[in-house]
Amino acid sequence: MSFSVDEKNRSSSNFFGSKRVAEDCLLIIFGGSGDLAKRKLFPALANLWVKKQMPEKFKIIAVGRKPMDVDALLSMGKYPEGFREHIQYVQTDYSPAGIAKLKSACHQVCKDTDIPPNYLHYLAVPPDGYAELAKALHDGGMVHPSKGKYWSRLIVEKPYGRDLESAIELDESLLSGFAEKQIYRIDHYLGKESVQNLLVFRFANSVFEPIWNHHYIDHIQINASEFLGVEERADYFDKSGVLRDMVQNHLMQIFCLVTMEPPVNLSAEAIRDEKVKVLRALRPIDVNAIPPMAVRGQYGPGEVKGQQVKGYRDEKGVAHGSSTETFVALRMHIDNLRWSGVPFYLRSGKRLARKGTEVVVTFKKLPNVLFNARGQNAQSNRIVFKIQPQEAILLELTSKNPGQSFELSDTSMNFCYSDHFDTSADAYERLLLDAILGDPTLFVRSDETELSWSFLDPLLRHWAEHPPRMFPNYRSGSNGPDEASDIILPTEQPTHWIDFSKWDNIC
Ligand SMILES: NC(=O)c1ccc[n+]([C@@H]2O[C@H](COP(=O)([O-])OP(=O)(O)OC[C@H]3O[C@@H](n4cnc5c(N)ncnc54)[C@H](OP(=O)(O)O)[C@@H]3O)[C@@H](O)[C@H]2O)c1
């Protein structure tokens with residue numbers, strides 16, 4: 001079975017906002033020589049250019065402190081002819097004199113190309129550089145007032161703080177130079193079509209909207225599993241862990257989209273207001289109940305995809321005897337009318353048996369009459385949102401086996417994005433374009449970040465104060481620590497962590 005797409009009704013417009021014109025501008029990428037810029041940002045900008053979605057006139061000013069040339073910046077990809085001419089590298093530091101040098105280079109570019117001084121600043125530098133750089137830009141006159149002839153916007157990468165206090169501090173620093181509406185906090189999961197589609201699926205389909213609540217839904221699982229270990233990021237990751245790296249931002253954003261109330265309209269503020277409301281309704285973490293509300297883990301050696309791999313503590317750059325968690329499982333509850341009594345399970349880990357990010361909504365079973373009463377176990381219906389690596393929506397149903405008796409089978413209706421749409425665009429393409437257009441819908445507002453940190457802060461503190469005794473507690477290539485099952489509540493049906501691998505090859 002498969003869903004089909006009505007070609008006539010396919011809309012190419014941006015459903016979150018009205019169409020806007022991409023105004024001519026400079027994209028100023030700090031940390032332009034870094035991994036993110038080379039692997040993600042330049043390729044995304046090149047694709048937008050090829051698709052004619054970039055402004056008519058634009059220049060990319062890559063900024064860094066070390067000497068570099070444009071060929072080296074573009075060394076990690078294949079770029080279309082002519083794209084190189086849109087990039088210039090400016091080597092400078094971020095002292096007042098360094099910013100003055102950058103400003104003068106930008107003025108010169110604007111003069112030579114007739115581009116107005118609209119600046120999209122992208123902080124693709126390590127997080128400890130965000131505040132200082134934003135201040136230097138403001139003090140150096142590279143930030144226009146939020147209402148004026150020209151615009152300035154600031155894209156800030158993750159991680160946004162490492163706890164509530166540091167997130168508030170960062171907000172205060174950035175807000176001293178930029179207005180909130182000029183700040184675009186990026187969470188690249190929001191640039192994924194399948195994540196944006198959560199809202200459309202919920203609020204544009206009359207079959208699903210009325211049943212999206214505690215009357216019909218038994219529980220929801222949100223999962224992000226990785227084959228990869230810490231790779232080259234030990235320096236950053238060992239000070240962060242999965243709770244900060246994956247849960248506070250990506251999984252909490254997905255959680256908000258799955259659980260928020262319908263926005264009053266599709267404006268950025270209306271959507272973000274609803275995300276904030278659901279975060280406010282989260283039941284605070286009870287530090288006397290950890291576990292069973294939260295479980296952490298760290299991988300030991302094992303086998304992943306047929307390869308022997310090291311344990312986390314033996315990875316290059318990881319501190320001796322590190323207590324950093326590479327796995328988290330968390331139970332959450334929302335104390336509002338819609339979700340009362342429905343548990344939400346979030347799980348993320350490295351070096352697991354499979355790679356995949358998905359949301360699975362499990363519906364309540366029907367009463368035990370008819371088929372169930374005859375000893376046949378009609379399974380709960382499920383909706384599965386596959387977010388990566390494939391993007392898909394599946395609806396699991398019970399059907400009758402062909403034949404004279406009423407034998408039941410589990411079946412599923414599958415909708416794979418790639419069967420119907422061009423899904424080649426990377427999340428960074430969408431987000432960069434939105435920032436150029438001045439549409440902040442898919443970026444995170446300061447109160448969302450702060451509420452998400454304030455929810456997780458007690459857990460972070462508790463774990464910091466009570467170092468784990470049993471690390472490593474899961475084998476690489478497994479499904480994580482066994483204790484992760486202890487957080488699952490027996491709801492109306494026996495519940496367990498779902499075996500997500502059964503949907504791995506659906507598309
Ligand atoms: N890489 C990814 O896939 C990825 C994914 C998600 C989020 N992020 C976030 O994106 C940002 C950039 O990531 P990245 O991997 O590209 O980082 P990176 O390679 O470590 O650093 C990027 C560049 O920043 C400059 N830099 C280093 N320290 C700095 C400082 N204190 N102040 C100003 N500039 C400094 C360096 O260039 P110069 O020495 O030439 O100035 C460096 O080449 C980080 O905040 C990261 O957390 C990255």
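Tutor: A polar contact is a pair of N or O atoms within 3.5 Å; within protein, one must be able to donate a hydrogen and the other to accept it, and residues adjacent in sequence count only if both atoms are side-chain atoms. This is a predicted model, where local features need pLDDT of at least 70 and side-chain atom pairs pLDDT 80 or more, while totals for chains, interfaces and linings use all residues. Numbering runs from 1 along each chain as its sequence is written, and side-chain values use heavy atoms, without hydrogens or water.

Student: Which polar backbone atom is 2.8 Å from an oxygen atom of the ligand?

Tutor: One of R65. A side-chain N or O atom of Y130 also lies 2.8 Å from a ligand oxygen. For R39, a polar side-chain atom sits 2.6 Å from a ligand oxygen.

Student: How much of the ligand does the protein bury?

Tutor: 76% of the 880 Å² that the ligand exposes taken alone. Areas are Shrake-Rupley, 1.4 Å probe; for residues, only the protein chains shown count as cover.

Student: How many residues surround the ligand?

Tutor: 19, with D35, L36, R39, R65 and Y130 the closest. The cut-off is a heavy atom within 4 Å.

Student: Switching topic. Where is V369?

Tutor: In the loop between β13 (356-363) and β14 (382-388). Strands are DSSP E runs of at least two residues, numbered from the N terminus.

Student: Is V369 buried or exposed?

Tutor: Exposed, because its relative accessible area is 51%. Exposed means over 50%, buried under 20%, partly exposed in between (1.4 Å probe, protein chains only).

Definitions and conventions. Helices (H or I, at least four residues) and strands (E, at least two) are DSSP runs, numbered from the N terminus.
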